[in-house]
Amino acid sequence: MLPVITSGMPLVDGPLLDQVRDGIRTIDRLVDIERRHLPGDPMLTRAAVFELTRCGHLVAEELHIRPLSGATHFAKLG
């Protein structure tokens with residue numbers, strides 16, 4: 001996740017972060033979040049998801065037991 005954040009975040013703007021955060025329903029798979037933001041660059045969407053997770057806006061609890069993949073579920077906090 002950190003390589004994606006460090007390489008992608010300089011290209012991610014505030015509106016994309018807001019769109020990703022606001023677009024997540026209760027819980028969504030990473031691949032579904034990326035598809036929802038097409039035709040935008042999936043890697044920038046992924047960077048936004050990871051940054052929102054790093055900042056505590058999203059959580060992916062299954063990362064404690066499974067490796068990261070497109071099927072990883074992310075959920076909003078609060």
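## Terms and basis of the model

Two residues are said to be in contact when heavy atoms of theirs lie within 4.5 Å. The structure is a predicted model, in which local features need pLDDT of at least 70 and side-chain atom pairs count only at pLDDT 80 or more, while totals for chains, interfaces and linings use all residues. Residues are numbered from 1 along each chain as its sequence is written, and side-chain values use heavy atoms, with hydrogens and water left out.

## Overall fold

The chain holds 4 helices and 3 strands, arranged along the sequence in the pattern α-α-β-α-α-β-β; these elements are DSSP runs numbered from the N terminus, with helices (H or I) of at least four residues and strands (E) of at least two.

The C-alpha trace spans about 30 × 25 × 20 Å along its principal axes. Of the contacts between residues at least 6 apart in sequence, 59% join residues at least 24 apart.

His37 sits in the loop between helix 3 (30-36) and helix 4, and its relative accessibility of 15% is why His37 counts as buried. Setting aside residues up to four places away in sequence, His37 touches Leu16, Gln19, Val20 and Thr45.

Val59 belongs to strand 2 (residues 58-59) and is partly exposed, with a relative accessible area of 23%. Beyond its neighbours within four places in sequence, Val59 is in contact with His73, Phe74, Ala75 and Leu77. Val59 and Ile27 are 32 residues apart in sequence, and their C-alpha atoms are 9.3 Å apart in space.

## The aromatic pair

Rings of Phe, Tyr and Trp (its six-membered ring) form a pair if their centres lie within 6.5 Å, and planes under 30 degrees apart count as stacked, over 60 as edge-to-face and the rest as tilted. By this rule there is 1 aromatic pair. The rings of Phe50 and Phe74 have centres 6.3 Å apart and planes at 35 degrees, so the pair is tilted. The pair links distant parts of the chain, since Phe50 lies in helix 4 (residues 42-54) and Phe74 in strand 3 (residues 73-76), 24 residues apart. Both Phe50 and Phe74 are buried.

Notes
Buried < 20%, exposed > 50% of the residue type's maximum accessible area, 1.4 Å probe, protein only.
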